[in-house]
Amino acid sequence: RQTGMHAAGVVICAKPIADNVPLQRRDEDVTTQFDMKEVEQLGMLKMDFLGLRTLTDIAKAKQYILEDHGVELDFHKLGYEDEGVYRLISEGETDAVFQLESPGMKRFMKDLKPSTFEDIIAGISMYIPGPMDSIPTYVKYKHNPETIRYKHPLLEPILKATYGVLIYQEQVMQICQKVGGFSLGQSDIVRRAMGKKNVDEMARQKKIFIEGGVSEKGDPIPGAVANGVPVEIATEVFDEMAGFAKYAFNKSHAAAYAVLAYQTAYLKRYYQVEFFASILNNRLDKIEETSKYLTYVKSKGIEVYPPNINKSVAYFKCENGGLRFGLVGLKNVGLGVINLIVEERTRKGNFTSFEDFVNRCISFGINKRLVESLILAGAFDEFGVNRRSLMAVYANYMDRVAENNKKKNEFQISLFGTLLAEDEGLKIEYPNLSEYSSKEKLINEKAVLGIYLSGHPLSDYVEQFDKFSFNTSVLDFYEEDEEQNKIYTEIQDGQHVVMGGIISEYKRLSTKSGTTMAFIKLEDVYGQIEVIVFPKIFEKARTLINEEQIVRVSGKIQVKDGIAQIIADDLTELDVKEETQDEEKEYLGVIIPDGKDDILDSVLDVLESYPGEIPIIIAMNGKKYNPHLSIRRCEGLISELKGYVGESNIIFFRKKS
């Protein structure tokens, strides 16, 4: 039916690979026709080479720091023990920090309060399905080491660094060695069998682990019982490893990620402006991410200066403790022509007027689309002519200058040609037009920059949106399967959500039955998501489905081929005043198990970390309590709660509000 290709998988062979396996072409790529298991069984090496944008982020930031401060950062000399970095991570200020910026991970780091590099390695390893269930235990043991209990003394030296919690594949192998008496090679066979859920092989290895046996090479294996471990404990240890290993990171992988997490946290802690300049410059092709990080830096009081023909360079740059927008970030603007404009400005001085700019740069191949983008982005605002007036005259003026230059080049000028060029060709009579309204300015900026720069049409609604259960920032947190489909960590397929936003684009379609439906791009301050409005809802909301309309949407998340959408069950106009409706709402019920009253504060801490629109009801000792909290439904919340109360005591239900 179809074939898949691992995004980073490379097969290495001693001979020409076509002599060993059949090949096939997939677009421009050549792949094997055999899958990864068959390739390895034939004796070839399969390596995964993962390219990370974060490496470029760090390299660019270090370059900017050297240029701006004369400081050459060397993390080999700086080390990985800076208290300020751990304080930043512990406070949850990890936006843009590699691996640590999802809401659930921020919560984990705030609870954990990492103080060593080992804590970061462990944190990255644990925040995935499976090991995530051990997070409450890990946090408890880190802060209360006297409560740690080991199933057997042989386990203590292996699990001590992780506070008695099994986290890494390497620990699985060490336990097989120390407890079962396996060789390193035999331990790796167990690890692979567990990771790939090979039931038959695991059953065979379990028997050897407990009772002893013979290795693949015929060497004797004593087994756990012979090493003084009771059968029940050996069985329990093996079963725990088997349930865990299919999800586990290998520590070396997590450590490499932790290096990048620490380095990005360090750059953010001590060189925030240069760090975000590198983040933005490395994501100019990703408008949603650019918008998200610009929104963040502005919220932190960092000034973001608009494009300026005399101050901007090609990319974002640091300026007066803030960030200056780069000209290449505009639509219809190429890097080559921007570099020529900057070079002209550097050689001959700043441009003194719009006319001066056109006359000096028209020979570089600047076209009308580029100039229009510069006008609407505000790049010429310093010349004192408003944007509407410039838009009215720029095209005609560029034609006149081009024609004038053509005549010069053809020597078709009169005795007074130079005077004519200066008096007639190089001056503009600006019409007396009023400036665009604030709303028009914002719409124009969005059209050419991809983001709202001087403000945001949703700025008056942010406080209201914060009370909704969903915003598009959660779409940034996902893992990828082997088909490169996104598996979101903060939302679930079928989850009911409420969000607010502005309709940036829509498309109406006629169905076979003659009714009408719509596909809407709904945008909030973090990004956008597609909303599908079927005919029944469309009929009720027909008049609201227009560009620039601000709406409230409720519906169910649908994840299809790794793309998240909302299937709307309601779409209404949103006023700045918060609406209250007598409608059926979703609630979360949390049951505190009998005899566990002491976990209530921890449960409330978890609930407070996932603010949203779903109210909470807590049941404890046969009574119901309203803690006056509202949460959003996501995998991180459920996983954390499971660690305290168990899955059966977490209940989502709906009732009239």
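In which sense do strand β12 (residues 496-510) and strand β13 (residues 516-523) pair, and over how many bridges? They pair in the antiparallel sense over 8 bridges, where two strands count as paired if DSSP finds at least two bridges between them. This is a predicted model, in which local features need pLDDT of at least 70, side-chain atom pairs count only at pLDDT 80 or more, and totals for chains, interfaces and linings use all residues. Residues are numbered from 1 along each chain as its sequence is written, and side-chain values use heavy atoms, with hydrogens and water left out.

**Overall**

- The protein chain has 25 helices and 21 strands; helices (H or I, at least four residues) and strands (E, at least two) are DSSP runs, numbered from the N terminus.
- Taken along the principal axes, the C-alpha atoms of the protein chain fill a box of roughly 110 × 70 × 55 Å.
- Of the 657 residues in the protein chain, 47% are buried; buried means under 20% relative accessible area, exposed over 50%, and partly exposed in between, with a 1.4 Å probe and protein chains only.

**Barrel**

- Five strands form a closed barrel in the order β12-β13-β14-β16-β15, with mixed pairing.
- From one strand to the next, the twist averages 50 degrees; axes are lines fitted to C-alpha atoms, for helices over the stretch in contact, and angles run from 0 to 180 degrees between N-to-C directions.
- β12 and β13 form a hairpin with 5 residues between them, and Gly514 in the turn has a positive phi of about 90 degrees.
- Between these two strands, Glu505 has Lys521 in β13 as its bridge partner, while Lys507 stands opposite Phe519 in β13.
- β13 also pairs with strand β14 (residues 528-533) in the antiparallel sense, over 6 bridges.
- The hairpin of β13 and β14 has 4 residues between the strands.
- β13 is mostly covered, with 6 of its 8 residues buried.
- β12 and strand β15 (residues 550-560) pair in the antiparallel sense over 7 bridges, and the bridge partner of Val497 in β15 is Gly555.
- Gln558 lies in strand β15 and counts as partly exposed at 27% relative accessibility.
- Gln558 and Gly494 are 64 residues apart along the chain, and their C-alpha atoms are separated by 5.9 Å.

**Second largest pocket**

- The second largest pocket has a volume of about 960 Å³.
- On a 1 Å grid over the protein atoms alone, a pocket is an open set of points with protein on both sides within 12 Å along at least five of seven lines, while a cavity is a set of points where a 1.4 Å probe fits but cannot get out; lining residues have an atom within 4 Å of a point.
- Grid points are joined across faces, edges and corners, and a volume is the space filled by probe spheres set on the points.
- The lining of this pocket has 31 residues, and Asp95, Pro103, Lys106, Ser473 and Tyr526 lie nearest the pocket centre.
- At least two lining residues come from each of α5 (103-112), α15 (287-299) and α22 (462-465).
- By class, the pocket lining has 11 nonpolar, 7 polar and 13 charged residues; Ala, Val, Leu, Ile, Met, Phe, Trp, Tyr, Cys and Pro count as nonpolar, Asp, Glu, Lys and Arg as charged, and the others, Gly among them, as polar.

**Cavities**

- The count comes to 4 cavities of 30 Å³ or more.
- The largest cavity has a volume of about 80 Å³.
- Its lining consists of Val462, Phe465, Asp466, Phe470, Asn471, Gly500, Asp524, Val525 and Tyr526.
- The lining of the largest cavity divides into 5 nonpolar, 2 polar and 2 charged residues.
- Tyr526 lines the largest cavity and is one of the residues nearest the centre of the second largest pocket.

**Cysteines**

- The structure holds 0 disulfides, a disulfide being a pair of cysteine sulfur atoms within 2.5 Å.
- Cys13 is partly exposed, with a relative accessible area of 23%, whereas Cys176 counts as buried at 0% relative accessibility.
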